[in-house]
There are 2 protein chains.
Amino acid sequence: MIVLGVDPGTVATGYGVVAGEGNRFHCLTAGDIRSSARNPMEMRLLAIFDCIESLIAEFHPDAVAVETAFISKTKSPQTPIKLGQARGVILLAAARAGLPVVDVNPVTVKQTVAGNGAAPKEQVIYMIKRLLNLPGDPPSEHAADALGIALCHIQRGRYEALAAGATQGRRR
Amino acid sequence: MIVLGVDPGTVATGYGVVAGEGNRFHCLTAGDIRSSARNPMEMRLLAIFDCIESLIAEFHPDAVAVETAFISKTKSPQTPIKLGQARGVILLAAARAGLPVVDVNPVTVKQTVAGNGAAPKEQVIYMIKRLLNLPGDPPSEHAADALGIALCHIQRGRYEALAAGATQGRRR
């Protein structure tokens with residue numbers, strides 16, 4: 001199973017493609033889509049869309065996993081609109097490729113990857129590096145988040161398959 | 001000048017294409033893009049994107065005018081995210097066609113179309129019908145909003161051109 005994980009943002013959108021087979025995972029690519037805040041918003045959205053479309057064309061993921069949007073009340077009312085705009089073009093790229101979109105909650109990522117929903121960032125990054133056998137740190141924090149999202153979705157799928165198998169075994 | 005006006009929303013997105021020549025305007029098309037709330041969000045966004053792309057291909061607008069996003073504090077925190085997602089795919093369709101995107105404030109629409117920023121909806125719709133010489137009501141409230149947005153952008157362009165001409169005249 002191959003999953004494209006995405007951490008959306010208009011300034012920087014992180015991405016990470018993870019392939020999983022049994023209990024082995026590896027990272028096919030990871031990075032950031034960055035666009036100057038001086039560019040018009042529509043050009044920044046175009047850069048995000050084009051990059052996600054070319055990642056889908058190159059790595060043929062089975063699903064796109066996107067970080068659930070959480071908005072703290074202290075931020076400007078424009079923040080959720082901008083975040084929504086970035087999410088919109090990512091969801092669109094998935095829909096145009098006929099791929100399912102999965103929302104992944106950051107707390108679930110921590111729980112699944114590091115075994116603790118309140119794990120500090122360093123511990124989550126350490127586990128991502130171990131699980132993916134990375135030689136060094138992920139290229140950025142956003143890329144690390146995206147890899148965590150992809151890993152989490154693959155691992156959840158594995159647990160569900162194992163649970164379904166165990167249920168079938170008991171039924172026999 | 002031809003302008004595609006859009007009033008974004010994930011349940012219903014209004015659109016209206018207006019052509020202006022001198023002080024005469026006419027409506028080339030107007031309507032709603034509707035998608036069942038039971039469809040996955042990515043499919044609803046795809047429907048909005050496909051429709052905006054085909055309107056651009058058919059009517060060759062010079063610009064896309066989109067209603068500025070205003071969020072009241074009482075609404076759910078998911079509302080601005082959803083609105084942003086719809087805006088995102090509309091802005092993307094414009095960027096892919098190389099068209100400029102203009103944000104149009106609803107108060108400016110009322111001021112420009114009905115001469116009063118606090119004009120009631122009925123008065124704005126009445127003026128839209130008069131200015132565009134429509135035989136009946138616009139197909140929906142969202143379509144009326146989109147026509148108002150397009151009209152407002154064309155009229156503002158006319159005023160600016162007249163003002164620039166007047167300045168040049170005085171300079172001579």
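## The start and end of a helix

At the start of α3(B), a side-chain oxygen of Asn105(B) comes to within 2.9 Å of the backbone nitrogen of Val107(B); helices here are DSSP runs (H or I, at least four residues) and strands are runs of E of at least two, both numbered from the N terminus. Helix α3 of chain B covers residues 106–114, and its buried residues are Thr108(B), Val109(B), Thr112(B), Val113(B) and Ala114(B), where buried means under 20% relative accessible area, exposed over 50% and partly exposed in between, with a 1.4 Å probe and protein chains only. After α3(B) comes Gly115(B), which has a positive phi, near 75°.

An α-helix has 3.6 residues a turn, so residues three or four places apart point the same way.

## Basis and confidence

This is a predicted model, in which local features need pLDDT of at least 70 and side-chain atom pairs count only at pLDDT 80 or more, while totals for chains, interfaces and linings use all residues. Residues are numbered from 1 along each chain as its sequence is written, chains are lettered from A and ligands numbered from 1 in the order in which they are written, and side-chain values use heavy atoms, with hydrogens and water left out.

Chain A has a mean pLDDT of 91, with 92% of its residues at 70 or more; pLDDT is the predictor's confidence in each residue, from 0 to 100. Within chain A, confidence is lowest in helix α5 (residues 141–171), at a mean of 81, and highest in strand β1 (residues 2–7), at 98. For the complex, the predictor gives an ipTM of 0.89 and a pTM of 0.91.

## The interface

Chain A and chain B each bring 23 residues to the contact, which is counted from heavy atoms within 4.5 Å. Between them the chains bury about 1,900 Å², 72% of it on carbon and sulfur atoms; buried area is the accessible area (1.4 Å probe) lost when two parts are put together, summed over both. In chain A, Glu42(A), Ile81(A) and Leu92(A) lose the most area to chain B, together 28% of what that side buries.

## A buried glutamine

Gln85(A) lies in helix α2 of chain A and, at 3% relative accessibility, counts as buried. Leaving aside neighbours within four places in sequence, Gln85(A) is in contact with Met41(A) and Leu45(A) and, from the other chain, with Gly84(B), Gln85(B), Arg87(B), Gly88(B) and Leu91(B).

Methods: A polar contact is a pair of N or O atoms within 3.5 Å; within protein, one must be able to donate a hydrogen and the other to accept it, and residues adjacent in sequence count only if both atoms are side-chain atoms.
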